[in-house]
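Keep the 3D view open and look for each residue as it comes up.

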Amino acid sequence: MKISVTLNGVAVQEDVEPHLLAAAWIRERRCLTGTHIGCDTTQCGACTILLDGVSVKSCTLLAVSLDGHAVTTIEGLAANGQDLHPMQAAFKENHGLQCGFCTPGMIMRAVDIAIHRREADEAEIRRELEGNICRCTGYRNIVAAVLAGAQAMRAARDK
Amino acid sequence: MTTELGRRQLIAMTGAGLLTSAAGGLANAAEAGTAPGNPAKMPVAMPPGDAFARNLGPLPRDVGKMITGGAIYVDDVRFDGEAVGVVVRSPHPHARIRAIDASAARGAPGVLAVLSGEDVARMAKPIACVIPPAAYGRAEALPVDRPVLAAGRVRHVGDGVAFVVAETAGQAREAAELVKVDYELLPEYVEPRAGAVGMPIWDAAPDNVAFDWQFGNPALCRDLFNRAAHTVRIHLSIPRLIPNPIEPRAAIGLHDPQSGKLTLVSNPQGVHFVRGGLTRALGLPDGELRVVSPYLGGAFGSKIYAYPEHALVLLAARMVGRPVRWTATRREAFLSDTQGRGHTTEAAMALDEDGRFLALSVHPTVDIGAYFSQLTPITATGVGAPIQGGAYRFQAIEIHVRGIFTNKVPVDAYRGAGRPEANYVLERLVDRAAAELRIDPAELRARNLPDSQTASFTAVTGLPIGGGRFLDNQRLCLERADRAGFAQRRAEAASRGRLRGFGFAHYLEANGGLQVAAAIAPGGLPHECAALKFGADGTVAVTIGTQSSGQDHARPVTLYVAETLGLAADEITVREGDSDALPIGGGTGGSKSTLTSSVAIKQAVDIVIAKARALMAQTWNVQPETVQFDRGVFSAAGSLRTVRFADLVSRYPGQLDNEGEAALHYGSSANGCHACEVEIDPETGAVEIVRYTGVDDFGRVIDAANVQGQVQGGVAMGIGQALAELAPTPEALQRPLATSNFNHALLRAPEIPAVDWVDNGLPSATNIFGAKACGESGASAAPPTVMNAIADALSAFPGARELQMPARPEDIWKVISSGGAESSARTTSA
Amino acid sequence: MKPFDYFRPGSVSGAVALAREQTCFLAGGMSLLPMMKHNLAAPVALIDLSAVPDLNGIRKTGDAIEIGAMTTHAAVAASVLVRETLPALVALVVGIGDPAVRNRGTIGGSLANNDPAADYPAGVLGLGATIVTDRREITADDFFIASFTTALEPGELITAVRFPVPLAAGYVRFRSAASRFPLAGVFVARFTGGVRVAVTGAAPSVFRVPGFEAPLAKDFSPGAIEAVSVDPARMLSDINGGAAYRAHLAGVMARRAVAEAMG
């Protein structure tokens, strides 16, 4: 089936088999390997992308369901001319990663939180990160990064 | 279906590829260089994994890449023409293989080869455990190494019986389902108990006992126990755990038909160790195998070893003449990754009438699994023994470890590798002693910790301890955790119907991997190697044999090179992960990388300085010993002539490059005291950790953010062990959802508190960094801290004495509802 | 996953016409796709409902609140209308799965699946909602039959769920740390005509508890059900929890749900 997707801001058209998962389409066909697979039960969140601006787990989504929609992966997060999205910068500055494998999914989820839960405090951010598992960091610096990134995004908006 | 390969060929800039492309090459020249999904046909950069495939070599840990999706993990690496392998695994814990019929699989679409255990036995030996039997109390080694594929018998759910290689993953998976195996079920051994009913797991171990290892002074202990005023006993369970790094294991095998050389691209915690294990297993001449690793997505001990799948992709690549890849599913990780812990321990302590420790007796029974993984016996014995008594004064210690074979995946190192087990037993027993003797647990510990804080001393186990602030750690910790105010907080919680508890625990570490090295070969020491290459542009390339799986090993190395040679730190890049780049390497595990990299980099830098000094002596026409070197500047004694090392590099391009190899003689004894407060909801048994404090002595802390991150991560694992994690049983493994994070509880952000961390470091005198390693401390400290707090919260309930890890809500509810407090009668309603 | 045919019809009738043996409707996919990935379900065709208009949305119909079958959990949680009239349903929805799952999961998909551990069945049964399909209306009391089994006929499509507005309601659950599904989740709703109590997660299918409903109808307070409990013999016992514990939790959650409803 032919799908038309706006992928990281670029219109893409491709023929895909119905049983191809979105994560596989992104990694294998579009060669965007920043989106990772860490489990097989929709638990870990390493595959999190933005679909029309909200976070979804691409391992539990068909590529055909992307048809007519906009997809953002970690590679497409930084806007044109930007080296890093403020949330990416916040993860770096706050040591919000160690092995980096859960990180793209965390960052995509964090961007969603910062946009749709603007007033989230630390406790709410922790609840909002429930669907993203990290085995390395113990979450503390991730939460700090999300708070800092949200603040930076707010500041950029308010400018 | 070849669209996946076709796409990569269109994107890739073929040229200096490792292998020839699959038939067709650049099918459509007009589309060459077309970017995916870019209608303007603008060329884009090659995907990072493809670029790595064309240019294998050691990599730096680049945070910038990790946050932008550019970090390369094995499953991101794609070779032209690659095939995919899938392992067919036993659904039974113990069974004879009567027959394997792979004919249907071989004939399935896209299938290139199917290997059985018999096929593989002709090409490979089992992967050898590297610990000689004498190290764990056996006269002779048992033939219990992990086979590349099981032949004749399967010994755990998940034991590999066949390897199916096909053009695509889908075809391999479908063909794997067509492999027919005729099993004859054998008795299953699940509980680690000596004695076999019917056929044992190994003929050479008729009672399923893998080993019986004794340590210490049992005779003196017996004597002290006999004379002791008090004897305190405890029964503790430290169940099997799933390491569960979020990145699954993966491997790609490559074979160069011209040179005969094999290359493995995988994610091990040390390329050289795996190279050694596979070289032996495959009977390869030295130099014929190269192991390369890109980024590792976590490991925690499960990725140290050579694994069957490593050998399978190499054998298959050689057979089919194509690269062969294998990536574990999460389910497979549960079925084939080594697991951790698995101890059931009886322990006892003898004390005198003043509460002074006399003797400690520890008897663990270890659930070994069906095979020895490469370090299994030492992980269960000699790694934990040195710290079994902590820093406490004991007159004698005796340890008696029994390893028992079971029909499960092997147990081996998992964050702490024997030391968290030992520390857990010690610190729970000390709390039990405090309760039984009615001495405050802080006071009881203080009575038995060494007076002198900074001087080195030797533990009763023989472990040299380079000083530590033991009592200070406790004082700082309990003050920071506001133990004094706890009684009031407990009362306030009770008014809300909650049970609040306070617990704390000390820990002592033995970092550096010296016990493992000494076990592998008498007199053996951990070795590490570092190479320095100075670019004409002022950059410095350091290659080192450690392997980050998220730790920032590079930082202390970078800073040392920068400070010593007077160079800019951001011009220095540290790379890891290529067995061809260095002759040897120690990898990472046992919290040794800070220590081993310190001796290696010092050696390499010393050689460089010596070389440069010799060059300057020649240039200045003076004796080398009159050439002084200080913070990057050479000067001739008694003259004004100076030269910066940085300038020498451009003056003598390539001549200062060097490699240093060194042995680590001194480990470090990180130590600390952690405390936590829990609140239990008695109606549900749910535990909330409301507060967690960690005071640690890591010597001189070079990078506080990195160290704190290791503590927080290790504590999170320890909390998970205490509250939630448990490896599934063989029976559960046979059902799909048990082998998943759907049933295996990894705690999430709302459940792991931030550690309030205090640096109480006493610099180490035994390495150039002054550091004590930190990577595994949290995993040792947290389990007894949390369980002691829960015991405190439940102190009114007699059943709490038997409460074991994981202390899940239902288990806690059972303790509470079985009495202590009043239980209300309820009428039943349908 | 095994290959399948894929359709994306533009109407309810079109969707229903495509349904036959071994086909499945695809809503958010949060239950169906994981099952297909594990080969626990292998439909020969998927009928994607995402392009069928009028299956999405929340509106007031008379005194009731009607939620379209394809409305996501996130949309229900964000709905001002639901927050004002059915806050207990919001409390239920914000704890389903995790946030990314809630961005895709739908009420129709959850109900049609009837996972014994799903939250929605407790809300639907607890409120006495009506399941509206392409061909009839089914009351909640008639809808949930057994584990993964409902009163839906083959090919029958849920189009909306209509909720009466109670005088008061509450939902409290206790989740498994691993699966994040409730070991016991209890929805309590008080109407002028009486009280409804529905328990999910604890038994093979969601069930009402007359033994709680009667005392609560007389005295709507946690104390009214202090001395009664649920029969452990009916409860599930599995890797996540034992029957006795689940039975106990059902009582605890029921009392807490009543406290929530009393607000």
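Buried area is the accessible area that two parts lose on being put together, summed over both. Keep in mind that this is a predicted model.

**Where chain C meets chain A**

With that idea in hand, look at chains C and A: the area buried between them is about 2000 Å², and carbon and sulfur atoms give 59% of it. The contact takes 26 residues from chain C and 26 residues from chain A. How many salt bridges are there between chain C and chain A? The count is four. One to look up is C:R175 with A:E130, where the closest N and O atoms are 2.4 Å apart. There are also eight residue pairs in polar contact between chain C and chain A, with both residues at pLDDT 80 or more. On the chain C side, α2 (32–37), β3 (45–48) and α6 (99–102) each supply at least two of the residues that touch chain A.

**Where chain A meets chain B**

Now turn to the other face. Here 48 residues of chain A are in contact with 61 residues of chain B. The area buried between chain A and chain B is about 4400 Å², and 56% of that comes from carbon and sulfur atoms. Which three residues supply more of the area that chain A buries against chain B than any other three? They are A:Q98, A:R135 and A:R140, with 18% of that area.

Across the interface of chain A and chain B you'll find four salt bridges, along with 23 residue pairs in polar contact, both residues at pLDDT 80 or more. On the chain A side, β2 (10–15), α1 (22–29), α2 (86–93), α3 (103–116) and α4 (122–128) each supply at least two residues that touch chain B. Among the contributors from chain A, β2(A) gives the most, with four residues.

**Salt bridges**

Let's zoom out for a moment. Over all chains, the count comes to 84 salt bridges. Here is a handful of them, with the N to O distance for each pair.

| Pair | N to O distance |
|---|---|
| A:R27 and B:D75 | 3.1 Å |
| B:R631 and B:D630 | 3.1 Å |
| B:R735 and B:E731 | 3.4 Å |
| C:R8 and C:D48 | 3.9 Å |

In the next pair, B:R735 is partly exposed at 38%, and B:E731 is partly exposed at 48%.

The salt bridge between C:R8 and C:D48 links distant parts of the chain: C:R8 is in the loop between β1 (5–7) and α1 (12–18) of chain C, C:D48 is in strand β3 of chain C, and the two are 40 residues apart. C:R8 is partly exposed at 28% relative accessibility, whereas C:D48 is buried at 2%. Some salt bridges share partners, and in this way A:R27, A:E28, B:D75, B:D76, B:R78, B:E82 and B:R325 are joined into one network.

**Rings in chain B and beyond**

The structure holds 22 aromatic pairs over all chains. Take B:Y560 and B:F769: their ring centres are 6.1 Å apart and their planes are at 75 degrees, so the pair is edge-to-face. B:Y560 lies in helix α17 (residues 554–565) of chain B and B:F769 in the loop between β28 (756–759) and α22 (777–793), so the pair ties together parts that are 209 residues apart in sequence. B:Y560 counts as buried at 15% relative accessibility, and B:F769 counts as buried at 3%.

Elsewhere, B:Y136, B:F211, B:F372 and B:F405 form one aromatic cluster. Charges visit rings too: the charged end of B:R155 sits over the ring of B:W202, 3.6 Å from its centre, and the charged end of B:R445 sits over the ring of B:F504, 4.7 Å from its centre.

**A last stop: B:D119**

Where is B:D119 found? Look in helix α5 (residues 117–121) of chain B. B:D119 counts as buried, with 18% relative accessibility. The side chain of B:D119 reaches the backbone nitrogen of B:S116 at 2.8 Å and makes a polar contact with the side chain of B:R122 at 3.0 Å. Leaving out residues up to four places away in sequence, B:D119 touches B:R106 and B:V114.

Technical notes:
Residues numbered from 1 in each chain as written. Chains lettered and ligands numbered in written order. Predicted model: local features only at pLDDT ≥ 70, side-chain atom pairs only at ≥ 80, totals over all residues. Heavy atoms only, no water. Phe/Tyr/Trp six-rings, centres within 6.5 Å; stacked < 30°, edge-to-face > 60°. Buried < 20%, exposed > 50% of the residue type's maximum accessible area, 1.4 Å probe, protein only. Lys NZ or Arg CZ within 6 Å of the ring centre and 35° of its normal. Contact = heavy atoms within 4.5 Å. Buried area = accessible area lost by both parts, 1.4 Å probe. Salt bridge = Lys/Arg side-chain N within 4 Å of Asp/Glu carboxyl O. Polar contact = N/O pair within 3.5 Å; in protein donor to acceptor, adjacent residues only side chain to side chain.
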